[in-house]
Amino acid sequence: MSLLAGLGAGGGGPAPKERARGAGHRWLLAPGLVYLTVFFIVPVGALLATSLYVPVPGGELGQYQPALHWQNYVDALSQFWPQLVRSFVFAAIATLACLAIGYPMAYVIAVRARGRSLLQGLLLVLVIAPFFTSFILRTIAWKQILADEGPVVAALRFVHLLPPDGRLTATAFAVVCGLTYNFLPFMVLPVYASLERLDPRMLEAGADLYASPVTTFRTVTWPLSLPGVVGGTLLVFIPAAGDYVNSSLLGNNTNTAMIGQVIDARFFKVLDYPTASALSVVLMAAILLLVAGYVRRAGTEDLL
Amino acid sequence: MSATTGPVVRGTVPTARRRSWHLGDALIPVLAALAFIYLLVPIVYTVAFSFNDAGKSNLVWRGFTWKNWQNPCGAPQVCEAFRNSLSVGVVATLIATVIGTLLALALARFAFRGRPAVNLLVFLPMSTPEVVLGAALLAQFLSLRVQLGFWTVVAAHVMFCISFVVVTVKARVAGLDPALEEAAADLYASPFQAFWRVTFPLLLPGIAAAALLSFSLSFDDFIITNFNSGSFTTFPKFVYVSATRGIPPQANVIGSFMFVAALAIVLVAQLVSHARGKRRAG
């Protein structure tokens with residue numbers, strides 16, 4: 001299961017103890033560095049440049065010329081700050097929900113099923129099973145399950161948890177549920193990876209010292225699973241903040257729109273490349289700052 | 001931080017420990033079971049509706065039929081989109097696996113100036129939202145007036161797959177015992193022979209896992225593909241675009257088929273490794 005280990009490790013691994021010398025590494029590095037330069041660094045540069053473009057005077061829609069028009073950022077933010085803030089709020093709620101749902105799953109697989117390798121393996125397969133069906137098909141399945149004429153709405157209306165005209169789709173609730181659902185495995189796998197390394201004798205030691213299960217969890221299990229929790233929250237939060245599939249399939253377009261949807265619409269519907277690029281730059285910068293601050297606070301720099 | 005830094009409990013631990021019953025003992029498995037159901041409901045729904053005797057849209061259940069499975073290409077474009085996704089996935093996986101494995105070897109085996117910078121460069125695409133990666137590549141393709149299509153999609157997929165390959169393979173390289181390669185050198189193997197006959201076979205499971213991971217990432221990618229594909233259609237894009245006018249049940253057939261095929265591969269691998277572990281133990 002090195003696939004899971006790879007996901008769980010989050011890029012870690014100890015530094016090489018005895019490092020080879022020589023210039024051989026140049027040939028190993030060259031293809032990757034060239035590729036990532038051409039298809040990552042330069043495009044991000046192109047994005048930065050495009051975010052400062054101005055329309056060609058008297059030109060057609062979608063024609064822009066190079067400039068240093070910083071006002072684009074002010075305009076983009078003053079127009080779309082609600083969607084930007086909403087993206088971070090939705091992503092944060094979905095991350096917490098993933099932690100609340102995913103931690104018991106990881107705990108059961110890693111601690112309760114310990115020693116029964118077949119059961120463990122089967123439960124892990126169930127966790128990664130969603131990866132094998134297209135995530136868009138699964139999101140649309142949710143849309144139909146939660147639809148107004150679907151079984152869930154009928155049941156909730158019957159027990160009066162939902163007013164007779166209440167609905168689940170096209171609400172913020174549906175969007176957050178969709179985000180939680182889609183990124184749940186990314187929380188379970190890293191938490192599982194760190195709980196699996198937990199020595200069961202530590203838990204027994206807690207019980208021996210008359211700690212209640214809650215105290216044992218709070219002082220032993222949780223701190224030792226922290227690297228997995230930090231990795232999992234990052235793996236959920238980052239894609240959730242930029243996602244627009246859930247908000248466009250499960251939300252309505254007015255008060256659930258997320259920033260990804262805006263960037264997509266600016267690029268393809270309005271051909272407003274500078275605004276779309278400026279919003280992308282802001283999103284990327286905000287996420288990098290949050291990640292850097294979070295990782296530093298959590299004290300798990302070695303995770304990266 | 002690891003479990004070994006804590007106090008070590010010595011001696012044998014009595015197995016029959018008097019322990020009061022706690023709510024958590026029963027509650028946690030119940031919570032986990034509910035979570036597993038939550039995870040699997042839409043998959044069951046997708047598979048069930050691949051057997052729906054649907055008309056134009058596959059929204060309501062109208063009765064069981066085999067006909068969608070007998071004719072999975074019955075809806076226009078669905079098989080073309082599926083074939084496109086398969087070819088993008090295979091080509092992107094091959095390129096990303098080779099480039100990423102080389103990069104992982106360099107990072108795990110060599111000390112060189114700028115190693116932290118390379119690590120950062122590998123980490124950055126993973127910590128950038130897909131919509132930003134897609135927009136950045138599109139901004140570049142637009143300014144260079146590159147025709148969007150199969151190759152722009154492949155180029156984009158290789159880019160985000162490389163990082164995942166590096167992470168997966170690097171973990172495997174770090175777990176290798178360098179003594180094995182030294183032993184080969186002691187037995188007068190050239191560095192190339194030592195790599196090819198000793199290191200590479202040991203890395204192969206990690207490389208295979210990385211390739212599987214990057215194929216599944218590429219096959220299921222929608223956001224970056226949507227930005228860089230022009231009129232070229234992949235399977236996720238086909239499903240997303242047809243969502244507004246109704247998804248044909250054939251899309252559910254293909255989704256279910258991929259699910260069953262992948263599940264079968266993973267289950268067989270699990271059972272084989274379980275049986276092997278048992279044989280070794282016994």
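A:Leu271 counts as partly exposed, because 13 C-beta neighbours fall inside 10 Å, a count between the limits of 12 or fewer for exposed and 20 or more for buried. The coordinates belong to a predicted model. A:Leu271 sits in the loop between α11 (259–268) and α12 (273–298) of chain A. Its phi is positive, about 55°, although the residue is not a glycine. Most residues other than glycine have a negative phi.

Two positions in chain B also have a positive phi. B:Gln77, not a glycine either, has a phi of about 80°. B:Gln77 lies in the loop between α2 (67–70) and α3 of chain B and is partly exposed, with 16 other C-beta atoms within 10 Å. B:Arg145, which follows α5(B), has a positive phi near 50°. The table collects these values.

| Residue | Phi |
|---|---|
| A:Leu271 | about 55° |
| B:Gln77 | about 80° |
| B:Arg145 | near 50° |

**Chain A**

Chain A contains twelve helices and two strands. In order from the N terminus, its elements read α-α-β-β-α-α-α-α-α-α-α-α-α-α. The C-alpha trace of chain A spans about 80 × 75 × 35 Å along its principal axes. Chain A has 304 residues, of which 46% count as buried. Among the contacts in chain A with a separation of 6 or more, 69% join residues 24 or more positions apart.

**Contact between the chains**

Chain B contributes 90 residues to the contact and chain A contributes 88 residues. On the chain B side, the elements that give two or more residues are α1 (23–48), α3 (78–109), α4 (115–126), α5 (130–143), α6 (150–174), α8 (191–220), α10 (235–242) and α11 (249–281). The most residues on that side come from α1(B), which gives 15. By residue class, the side of chain B that touches chain A has 65 nonpolar, 18 polar and seven charged residues.

The twelve residues of α4(B) should span 16 Å at 1.5 Å a residue, and the end C-alpha atoms are 18 Å apart, which agrees. The buried residues of α4(B) are B:Leu121, B:Val122, B:Pro125 and B:Met126. Viewed down the axis of α4(B), these buried residues fall within an arc of 150°, so they line one face of the helix. The face turned away from the buried side carries the exposed residues B:Pro116, B:Ala117 and B:Leu120.

B:Val122, in helix α4 of chain B, counts as buried because it has 26 C-beta neighbours inside 10 Å, where 20 or more are required. Leaving out residues up to four places away in sequence, B:Val122 touches B:Leu103, B:Ser163 and B:Val166. The C-alpha atoms of B:Val122 and B:Ala194 are separated by 27 Å, and the two residues are 72 residues apart along the chain.

In α5(B), 14 residues reach 20 Å from the first C-alpha to the last, close to the 20 Å expected at 1.5 Å a residue. Twelve of these 14 residues are buried, so α5(B) is largely enclosed by the rest of the structure. The buried residues of α5(B) include B:Glu130, B:Gln140 and B:Phe141. B:Ala135 is also one of them.

**The nonpolar core**

The largest nonpolar core has 150 residues, and A:Ala106, B:Leu103, B:Ala135 and B:Ile162 touch the most other members. This core draws at least three residues from each of domain 1 (49–54 + 62–75 + 248–282) and domain 2 (77–242) of chain B. B:Ile162 has contacts in both chains: not counting residues up to four places away in sequence, it touches A:Gly32, A:Tyr35 and A:Leu36, and also B:Ala96, B:Ile99, B:Gly100 and B:Leu103.

**Domains of chain B**

The domain assignment of chain B gives domain 1 (49–54 + 62–75 + 248–282) and domain 2 (77–242). The C-alpha centres of domain 1 and domain 2 of chain B lie 26 Å apart. Domain 1 of chain B gives seven residues to their contact, and domain 2 of chain B gives five residues. On the domain 1 side of this contact there are six nonpolar residues, one polar and no charged.

Terms used: Residues are numbered from 1 along each chain as its sequence is written. Chains are lettered from A and ligands numbered from 1 in the order in which they are written. This is a predicted model: local features need pLDDT of at least 70, side-chain atom pairs count only at pLDDT 80 or more; totals for chains, interfaces and linings use all residues. Two residues are in contact if their C-beta atoms, placed from the backbone, lie within 7 Å. Helices (H or I, at least four residues) and strands (E, at least two) are DSSP runs, numbered from the N terminus. Ala, Val, Leu, Ile, Met, Phe, Trp, Tyr, Cys and Pro count as nonpolar, Asp, Glu, Lys and Arg as charged, and the others, Gly among them, as polar. The expected span of a helix is 1.5 Å times one less than its number of residues. Domain bounds come from an automatic or database domain assignment. A nonpolar core is a set of buried Ala, Val, Leu, Ile, Met, Phe, Trp, Tyr and Cys residues joined through C-beta atoms within 7 Å. The arc is that of the directions from the helix axis to the C-beta atoms.
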